[in-house]
Amino acid sequence: MENKFKKITSLWIITVLILFVVAIILGLLMRFNQGGNIKLDPVTFYTDMTIHGLTMIGIWFVAGMAAVNYIMERYVRTSYKANLIAYIMTVVGVLMLWGAGFIGKFHAGWTFLYPLPFKIMWEQWATPLFLYALLVLGVGWTIWTVSLMISLLKKYTLSQVFAWQHFKRDAKPEVETPPFVLISMISLVGVLSCLITAAALDFLLLTEYYSNGGFINDALLMKNLTYFFGHTLANEMLYLGLAVIYELFSEVSGRPKWKTSWYVAYAWNLTLFFVLFAFLHHMYMDFVQPETLQIIGQLASYLASIPSTGVTIFSILVAVYGTKINWNLANLMFFIGTAGWVSGGIGAVIDATISNNFLLHNTLWVPAHFHTYNALGNVLFSLGFFYWFSFQLKDGIIKDKHSMLKILLIVIGGIGFLAAFYFAGADSVARRYANYPEEMASGKFWATFGGTFATIYLLGIILFIGGILKRCFGFVFSRV
Ligand code: HEM
């Protein structure tokens, strides 16, 4: 592996980890404010919420992309330039977003749902700055995504890259598609469709902003576009993490490399298709939405999650059942992360079932499920990769210290933090309240409970990332 790829990947890791700690602190401030332990001005709360959400989604997306890019170099030549452009545009975009939020006080939530960006309760300039920040991030990420897709398509034909030659049960194809290549391509196609939608959304918002009332958007269309982009991106970034697990889990465990079987090929091709319609479950309470789309939303939510979850759990169980595994912090993170991903997925499917959604819609059940598959799922996938990667900068031999303590803090802290969201959600406490009214009094107790456990989670994260940061900083500033 060329050193320039190791350097840029180290830079991504350093940036992601620093922003992660800051974003967790914003999360803690929100939780302790909801619990009444500290007092934030509501504008500060919603600014923190907006920046926390956007930063978290952004960093774990780029973390997945950086990992996929690094591993992809094993199979094809990728563009270093595209990677670097994406890095620079991400840094600029994040600075613009933080400027719009922390200085301009823009606080329309990470989904900036139309028409909120135009209900200006912040500096006038913060709305266009926010919209241009999205543009900068979108352009950088689109260049990177397209360039990775081109790299794959230079080596594999369209049918090979989607592993269609593996559909037959006993197929012995001339060209085998590694699961990593298949899942990366499936995810990149999804990512690209999100980014194109985000561009359309941004364009429509900017047009209305500059039209002085001459052009008004359709609110239902805007909500569909917003959730197609936001929900799908949040899912695709998980799949990027899974692509890495399919490549590395067996390797770091000292087991034979995973191959693409017929059921893996089918499951991931189904996911490619169905995940694009799952976002419709965000629209159940929009009664003007055609009913057929609501039903498609429920079906797609099941069909997008069940096949990919099924084959991944099966592959991991086959790899670990009854055999000796070289457990270390990298594959433990992958293993626990998969359990977190599946648990969050179950929470999501419960909420995506229309009859349940009447009760759970916009309650804390929603942050409960997506924090589960992020904080104890996708984040752990990436942390596992970062950890493994940081040892590649030295001799490749993983040496763990205090692993049990780190794992316990992250897992116990994470479970307590998430349980607080679930219990409050099941008790109908609404999401996105800076201060809970009398009717949702239990929300206060659960917020303090969740915040306390989130502090334990943060402690575990700090201990876990210390060594990674040291190795990555050391490599970036070395003369190699
Ligand atoms: C221990 C770590 C974390 C803490 C303490 C935390 C805390 C919070 C809190 C209190 C909220 C507002 C909930 C509400 O009342 O609606 C929130 C929202 C959110 N969080 Fe986290 N979070 C953490 C980790 C994460 C991670 C890892 C991700 C994603 C990868 C994430 C993404 C989000 C998003 C997207 C929102 C929604 C923001 C919005 O509604 O605009 N968080 N978080």
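Reader: At what angle do helix α8 and helix α9 pack, and how far apart are their axes?

Author: Please keep in mind that this is a predicted model. One begins with the angle between the two axes and the distance between them. Here helix α8 (residues 262-274) and helix α9 (residues 291-320) pack at an angle of about 150°, and their axes are 8 Å apart. Angles over 145 degrees count as roughly antiparallel. The pair α8 and α9 is therefore roughly antiparallel. The crossing in which α8 passes α9 is left-handed.

Reader: Which residues of α8 and α9 meet?

Author: One lists the residues on each side of the contact. From α8 come Y263, V264, A267, W268, L270, T271 and F274, and they meet A300, L303, A304, P307, S308, V311, T312 and F314 of α9. Sorted by class, this contact of α8 with α9 has 12 nonpolar residues, 3 polar ones and no charged ones.

Reader: At what angle do the axes of helix α2 and helix α12 cross?

Author: The axes of α2 (residues 42-72) and α12 (residues 365-392) cross at roughly 40° and come within 10 Å. That angle makes α2 oblique to α12. In passing α12, α2 makes a left-handed crossing.

Reader: What classes of residue make up the contact of α2 with α12?

Author: The contact of α2 with α12 divides into 11 nonpolar residues, 6 polar ones and no charged ones. Among the residues of α2 in this contact are H52, W60 and Y70, while those of α12 include H371, N378 and F389.

Reader: Where does a polar side-chain atom of Q34 lie relative to the ligand?

Author: For such pairs, one reads the distance between the two atoms. A polar side-chain atom of Q34 is 2.8 Å from an oxygen atom of the ligand. For H371, a polar side-chain atom lies 2.8 Å from a nitrogen atom of the ligand. In the side chain of R431, an N or O atom is 3.2 Å from an oxygen atom of the ligand.

Key. Residues numbered from 1 in each chain as written. Predicted model: local features only at pLDDT ≥ 70, side-chain atom pairs only at ≥ 80, totals over all residues. Heavy atoms only, no water. Axes fitted to C-alpha atoms, helices over the stretch in contact; angles between N-to-C directions. Helix = DSSP H or I, 4+ residues; strand = E, 2+ residues; numbered from the N terminus. Parallel < 35°, antiparallel > 145°, perpendicular 65-115°, else oblique. Left-handed = near helix turned anticlockwise from the far one by under 90°. Contact = heavy atoms within 4.5 Å. Nonpolar A, V, L, I, M, F, W, Y, C, P; charged D, E, K, R; others polar. Polar contact = N/O pair within 3.5 Å; in protein donor to acceptor, adjacent residues only side chain to side chain.
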